[in-house]
Structure formats: C-alpha cells, structure tokens
Amino acid sequence: MFLWGAATAAYQIEGALSEDGRGPSIWDDFGPIRDGHTAAVACDSYHRWTDDVALLAGLGVNAYRFSVAWTRIQPDGAGPANPKGLDHYERLVDALLAAGITPALTLFHWDLPQALQNDGGWLNRETAHRFADYTALVADRLADRVGLWITLNEPFVHTVFGHALGTHAPGQTLFLDALPAAHHQLLGHGLAVDALRAAGASSVLITNNLTPVWPASSSAEDLAAADAYDILHNRIFNDPVFIGSYPDLSAFGLDRMPGLRDGDLAIINRPIDGLGVNYYNPTRIGAPESPELPFTDAGVEGYPMTAFGWPVVPDGLRELLTGLHERYGVPLYVTENGCSYEGLDDERRIAYLDGHIDAALAAKADVRGYFVWSLLDNFEWAEGYHQRFGLVHVDFETGVRTPKASYRWFRERIARGA
Ligand code: FCB
C-alpha cells in the first residue's frame, strides 16, 4: 500500500512544555528565534490532538508522521519512563489506528533533553546509548501498533545548524568540529534499530534531509567542490547506514570520520527497511572562496521561490530519488516535502505539491510513500511562526484550525491514487 501522509514534529506543534512531567529540551530556552517567538503554545496539539486526528481523517491520508518528545518520556534523558508521556502517545496511536491511519513515529526530531546537553549532548558518545534506552521505552509500549518507525530526523540539519553554525539549538558554532555530533547520532540510530528489533518493530527507517548537488559549471574546480558538498550533505548520512562505510573525507582535511571507533560501522549498518527522504530544493555549488571549506553555495537561480526564499524545483525530487535508487537500491519514502506560503487560497502550494508528487512518481525508484510537510502551520524553528507550511491554517492566538485550498486539493489527489 502506497503511504499518503502528512507530517509534523512534537516541538513544532505540541506546546504544553511543562505539563504532565515533561522535562526541558534544548529548544525551550534557545534564544535566537525571529521576533522572540516561542513554542510554549504552538498549535496546542498536546491538548487538541483529537482535532488533528479528525483533520487527518478528513484529509483521507492513510499515514501520519509525528514525533515523540523525548523529555515527555524521560524528563532528564535517562531512567524509567514517565507513564503520562507514554499514555499521551498511546492515545494518539490508538486514535490514528481507529481512523485507519498508519502511525509513522519519529523518535528524535531535534528536541534533545537539556539534561543530556549539559553532559555534552550529541558530542558525547554516551548520548547514543541514552537514545537507545529511550527508544526501548517507547518501543516496549508501542511496537505492536506503530506501522513505521523513524529513528532520526535529518541528522545533517541538526549537526550543521545546531552544532556547526549555531542557528538552531543547541547553538554551537563548531564548524567541522561538529562532525562527532553527526557520528554519534548515526551510532544512536544503529543502537536504536537494535532496540526496535528487540521489541518486535517491523518497519524501520532513518530520515535524511537530502539534496541533488549541481556543480556551478563543468570546470574541474566546481566539480570537485560539488562532490565535497555532496559528501557533507548527503553521503556522510546515507553511506554508513546503507553501505557500511563513510565517504572519503580528504576534501575536508580528514583521514577518517571524527569520533569513529572500531565496530561502530557494523552497528550503524544494521539492516533497515528503507530511507526517509526529506526534499525541499537542489543545491548549486561552486569552487571555494575561502580556505575554511572546500566549496561555496552558488545559489540556484531562474526558478520561482517560496516565501522562505527556497527555489521551487520539482524535477530535483525525481533526480534525487533516481540517484538514491541507483546508489543504495532500498525502498524510499518521501517523509517531508512542502513549501511556505501565506494565505488560505494557496494555489502556489497546490502547484508545488502537484509538481513534486508527479516527480516522485516519475522517479526510477522504489518509492513507497509521500508525506506533505506539514499538516498544520507550526513553529518553524529559528523562524518562529513566520513560515506557514500547513495544509491547515492555524490561528496562533486562538488555536483555531482552518483547512486551506491545498487541503481539499490533496484529498482529491490522494483519491486519484499513485
Ligand atoms: C525540515 C524539518 C522540519 C521543518 C521543515 C520545513 O528541515 O525537518 O521540521 O522545519 O524543514
């Protein structure tokens, strides 16, 4: 069955940050957010989750991708489960199943427990083991009912924005010294796969943010730069999982992946059931302009832009999925794709989604699902509430949800089938 879905993440929709024993995450006090917006209320989905399930049922999707907030399960990132946290997600899972919707559960969508950050966060190898412990607690309760498990969301973005550039929590500016955070997330992924299998979980994925990399020209310098960027953005996060090795990092002056120890790759390479692909746009890369990095972002030009300023290139998704199929040969699920635009009569969102769905279905690849980012307008990380990605408009003063034109369009597109 092809999965047609919509996606959200706990921190972006739930609010209720101090309720029912939830502990603080690294995002709760993160400063640099546009206009000082906070996720204290967000879409209030912690209280209004039955409204969300009704919206999903009305949309006609057969899958819903959501994430569990680690600190609702383990307020301090370690120790026994907080039953109220597990109860919340169990109610959601049961309501989805009752509506004929497959739960697709992401275990880590960036909201690391602050207590673990105080001990070094993902730069500390121990965090990988804490992640596996947390996974076991969730899986023990829900493995019999969750149809699709996603270990990590976009370790590339969490590493680069959170640990290299500092625009996301935890706000570190370590540049290439952030790479151990990538390795430890991937190690955590592998350990979590073992925990999921031990609990009887069937379908397990990792979700990566992936981009086709276009060289700015056919010069040798631009080709080499594009190859280096492809390694950093895509292959560091896919190769160890599906091939069991890291790509050559010599373009970054490294002879091996920082943090890698003997035996790690066998854990990261545990067999899984496919790759979750989050696609927003391609990247155009040229030769370096400074000695710090072996590439420069040359910018994609000549395409329409979303309200976020991201180029709209549907065929990039076909190119990406076809290339992933050739390199890894695994089932692919588009676990996020969408765009930021204002307004309820969102014709440009409809055009964006229509073009990208056609592109996904045209790929020479084993594509098994497509999830729109997002069901709801929500808290868009460092942008606060300024970017609206939802099929459903949310009034952040009142919590009122209003389906947009794209919601009605997606329902009809699903009915036409894959
Ligand atoms: C992705 C994130 C998701 C959302 C979209 C717009 O990188 O996974 O939470 O913010 O971008």
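This is a predicted model: local features need pLDDT of at least 70, side-chain atom pairs count only at pLDDT 80 or more; totals for chains, interfaces and linings use all residues.
Residues are numbered from 1 along each chain as its sequence is written, and side-chain values use heavy atoms, with hydrogens and water left out.

**Ligand surroundings**

- Ligand oxygen atoms lie 2.7 Å from a side-chain N or O atom of Glu380, 2.8 Å from one of His109 and 3.0 Å from one of Asn153.
- These are polar contacts, pairs of N or O atoms within 3.5 Å; within protein, one must be able to donate a hydrogen and the other to accept it, and residues adjacent in sequence count only if both atoms are side-chain atoms.
- On its own the ligand has 290 Å² of accessible area, and the protein covers 96% of it; such areas come from the Shrake-Rupley method with a 1.4 Å probe, and for residues only the protein chains shown count as cover.

**Largest pocket**

- The ligand sits in the largest pocket, as more than half of its atoms lie within 2 Å of the pocket's grid points.
- A pocket is found on a 1 Å grid over the protein atoms alone, as an open set with protein on both sides within 12 Å along at least five of seven lines; a cavity is a set of points where a 1.4 Å probe fits but cannot get out, and lining residues have an atom within 4 Å of a point.
- The largest pocket contains about 1200 Å³ of space; grid points are joined across faces, edges and corners, and a volume is the space filled by probe spheres set on the points.
- Its lining has 45 residues, with Phe156, Val157, Phe161, Tyr229 and His233 nearest the centre.
- Two or more lining residues come from each of α7 (155–165), α9 (220–242) and β8 (283–286); helices (H or I, at least four residues) and strands (E, at least two) are DSSP runs, numbered from the N terminus.
- α7 provides the largest share of this lining, seven residues.
- By class, the lining splits into 27 nonpolar, eleven polar and seven charged residues.

**Second largest pocket**

- The volume of the second largest pocket is about 280 Å³.
- Its lining has 14 residues, and Thr211, Asp230, Asn234, Leu320 and Gly323 are the closest to the centre.
- At least two lining residues come from each of α9 and α11 (315–328), and α11 gives the most, with six.
- Six nonpolar, four polar and four charged residues make up this lining.

- Rolling a probe the size of a water molecule over the atoms shows where empty space is left.
- The structure has one cavity of 30 Å³ or more, and the largest cavity holds about 100 Å³ of space.
- Ile13, Glu14, Ser45, Tyr64 and Leu92 lie nearest the centre of the largest cavity, out of 15 lining residues.
- α1 (10–13), α2 (45–59), β2 (63–67) and α4 (83–98) each supply at least two residues of that lining, and α2 gives the most, with four.
- The cavity lining divides into nine nonpolar, four polar and two charged residues.

**Backbone details to check**

- Another cis peptide bond runs from Ala169 to Pro170, with omega near 10°, and Pro170 lies in the loop between α7 and α8 (179–198).
- Ala42 has a phi near 50°, a positive value in a residue other than glycine, and is found in the loop between α1 and α2.

Definitions and conventions: Ala, Val, Leu, Ile, Met, Phe, Trp, Tyr, Cys and Pro count as nonpolar, Asp, Glu, Lys and Arg as charged, and the others, Gly among them, as polar.
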